[in-house]
Every structure is written in C-alpha cells, then in structure tokens.
Amino acid sequence: GAVVSQHPSWVICKSGTSVKIECRSLDFQATTMFWYRQFPKQSLMLMATSNEGSKATYEQGVEKDKFLINHASLTLSTLTVTSAHPEDSSFYICSASLPQGAFFGQGTRLTVV
Amino acid sequence: DQQVKQNSPSLSVQEGRISILNCDYTNSMFDYFLWYKKYPAEGPTFLISISSIKDKNEDGRFTVFLNKSAKHLSLHIVPSQPGDSAVYFCAARGNAGNMLTFGGGTRLMVKP
C-alpha cells in the first residue's frame with residue numbers, strides 16, 4: 001500500500017524555538033497533503049490542507065503565521081511550528097489522499113518545554 | 001457542528017466475541033466512509049472503507065455496514081482479539097475533494 005513517512009517521530013524543544021516536521025509520500029505523488037493535530041483523548045482535528053505549488057488552506061482558528069506549511073514538491077510537505085509554546089505540545093499527523101483513501105504518517109509528538 | 005459522531009467513547013468486549021463500533025453522520029454529501037485504527041503515539045492505519053453506493057463491505061474479520069437513510073455506519077469485528085485494542089476512528093469524505101472528516105473515536109478494549 002501507499003506509504004507516507006513523517007519525521008521526526010518525536011521532538012522536545014525549548015519555548016520560543018521553531019520546529020519543522022516533514023511529511024513524505026514515498027511511493028506516490030501527492031498534490032495535496034493534510035495536517036492534523038490530536039489532543040489527548042480527542043479526535044484528529046484538521047489544521048490545514050497543503051497544496052503543492054500554492055498556498056496552504058488553513059482551517060478556522062489555526063494561525064497561519066504560527067504553523068507554516070510548505071509543499072514544495074509532489075512528495076514533500078513540511079509543517080513548521082514557529083516560536084513554539086507549551087500549549088503547542090501535541091501530536092501532529094500528516095496524511096496524503098489517494099482514491100482508495102487517506103494514508104497517514106507515523107505522527108510527531110511535539111513537547112515544548 | 002460535528003458532522004461525524006461516534007457516540008461511544010469506549011467499548012469493552014471479551015475476546016472471541018463481536019465488537020460493534022458505531023458512527024453517525026449528518027452531511028448527506030459524504031460519499032465515502034473509512035475506518036481507521038490508531039495506537040497511542042502512532043498515525044492512524046487504514047482498516048476498511050465503503051462507498052455510499054454499497055451497504056456492506058467485508059474484509060476478513062472486519063465488516064462495515066452503511067445505512068444511508070439513517071446516516072449511520074458500523075464496524076463489526078468478529079472474532080475480537082486482544083490485539084484489536086486501540087482507538088477506532090470513522091471518517092467521511094465528500095465528493096468535493098479528498099478531505100476527511102473524523103469522528104471522535106471509540107476506544108476498544110478486548111479482554112482476554
């Protein structure tokens with residue numbers, strides 16, 4: 001099946017620093033990728049839709065300047081959490097869609113201290 | 001406004017018995033439904049899907065039923081195994097694009 005690779009799987013950073021998370025489609029091209037955030041014991045919340053070669057589409061309430069998304073190629077989308085704060089600590093997951101469904105990365109556990 | 005709902009946050013089942021996970025949706029434009037299984041600190045893994053033109057899809061121990069008139073779908077796992085213990089998400093996709101809308105998840109615990 002299709003493989004989506006997300007890196008890193010977990011990261012701890014200091015408050016005020018920026019963290020970049022990568023999402024790669026390994027065996028297919030993805031013009032669109034999705035970034036989700038999951039809080040403890042809660043569902044996956046769509047943050048933004050990443051479009052190759054154009055600006056990302058952000059969901060209501062998601063700060064564009066804080067969560068920078070770049071989709072420079074058909075196999076790579078990146079999410080950068082800028083000036084991270086403890087409340088940004090969460091589990092971030094990317095996905096890419098094919099006609100048969102969405103495939104998810106392994107997720108990234110971000111802890112901001 | 002939650003368009004996809006999983007009203008049971010948790011479910012406990014004895015090994016060997018049937019697990020039934022339910023999901024309701026409100027948007028009649030959804031035309032494709034999927035179930036995902038998720039372990040802690042991992043991304044969701046795809047289990048099974050169903051198109052809105054069908055009412056049943058079966059894959060091994062997993063069967064998904066869709067009742068369009070009731071806007072309800074369910075995932076049956078039989079027989080349940082301890083390794084099935086995880087959080088299960090249903091998701092729906094509209095015909096406008098590939099974006100998925102997720103339910104809140106149901107934590108399934110299969111006891112040996």
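Buried means under 20% relative accessible area, exposed means over 50%, and partly exposed lies in between, computed with a 1.4 Å probe on protein chains only. B:Thr63 is buried, with a relative accessible area of 8%. This is a predicted model, in which local features need pLDDT of at least 70 and side-chain atom pairs count only at pLDDT 80 or more, while totals for chains, interfaces and linings use all residues. Residues are numbered from 1 along each chain as its sequence is written, chains are lettered from A and ligands numbered from 1 in the order in which they are written, and side-chain values use heavy atoms, with hydrogens and water left out.

**Single residues**

B:Thr63 sits in strand β7 (residues 62-67) of chain B. Strands (E, at least two residues) and helices (H or I, at least four) are DSSP runs, numbered from the N terminus. Contact means heavy atoms within 4.5 Å. When neighbours within four places in sequence are left aside, B:Thr63 is in contact with B:Ile48, B:Lys56, B:Asn57, B:Glu58, B:Ser74, B:Leu75 and B:His76.

In chain A, A:Val11 belongs to strand β2 (residues 10-13). A:Val11 is buried, with a relative accessible area of 17%. Not counting residues up to four places away in sequence, A:Val11 touches A:Val19, A:Thr108, A:Arg109, A:Leu110 and A:Thr111.

A:Glu87 lies in the loop between β8 (76-81) and β9 of chain A. A:Glu87 counts as exposed, at 57% relative accessibility. From A:Glu87 to A:Trp10 the C-alpha distance is 16 Å, and the two are 77 residues apart in sequence.

**Disulfides**

A disulfide is a covalent bond between the sulfur atoms of two cysteines. Here a disulfide is taken as a pair of cysteine sulfur atoms within 2.5 Å.

One disulfide joins A:Cys23 to A:Cys94, with 2.0 Å from S to S. This pair links distant parts of the chain, since A:Cys23 is in strand β3 (residues 19-25) of chain A and A:Cys94 in strand β9 (residues 90-98) of chain A, 71 residues apart. The torsion about the S-S bond of A:Cys23 and A:Cys94 is about 80°, so the disulfide is right-handed. Both A:Cys23 and A:Cys94 are buried.

Another disulfide joins B:Cys23 to B:Cys90, with 1.9 Å from S to S. B:Cys23 lies in strand β3 (residues 19-25) of chain B and B:Cys90 in strand β9 (residues 86-94) of chain B, so the pair ties together parts that are 67 residues apart in sequence. The torsion about the S-S bond of B:Cys23 and B:Cys90 is about 60°, so this disulfide is right-handed. B:Cys23 counts as buried at 1% relative accessibility, and B:Cys90 counts as buried at 1%.

A:Cys13 is in no disulfide, and the nearest cysteine sulfur, that of A:Cys94, is 18 Å away. A:Cys13 is buried, with a relative accessible area of 8%.

**Salt bridges**

Side chains of opposite charge can pair when their charged atoms come close. A salt bridge is a side-chain nitrogen of Lys or Arg within 4 Å of a carboxyl oxygen of Asp or Glu. By this rule there are 3 salt bridges over all chains.

| Salt bridge | N to O distance |
|---|---|
| A:Glu22 and A:Arg24 | 3.4 Å |
| A:Lys66 and A:Asp88 | 2.9 Å |
| B:Asp84 and B:Arg61 | 2.8 Å |

B:Asp84 is in the loop between β8 (72-77) and β9 of chain B and B:Arg61 in the loop between β6 (56-59) and β7 of chain B, 23 residues apart, and this pair links distant parts of the chain. B:Asp84 counts as buried at 2% relative accessibility. A:Lys66 is buried, with a relative accessible area of 11%, and A:Asp88 is buried, with 4%. A:Glu22 counts as partly exposed at 24%, and A:Arg24 is partly exposed at 35%.

**The interface**

The contact takes 20 residues from chain A and 18 residues from chain B. Buried area is the accessible area (1.4 Å probe) that two parts lose on being put together, summed over both. Chain A and chain B bury about 1400 Å² between them, 61% of it on carbon and sulfur atoms. On the chain A side, A:Ser43, A:Leu44 and A:Phe104 lose the most area to chain B, together 28% of what that side buries. Across the interface of chain A and chain B the rule finds 0 salt bridges.
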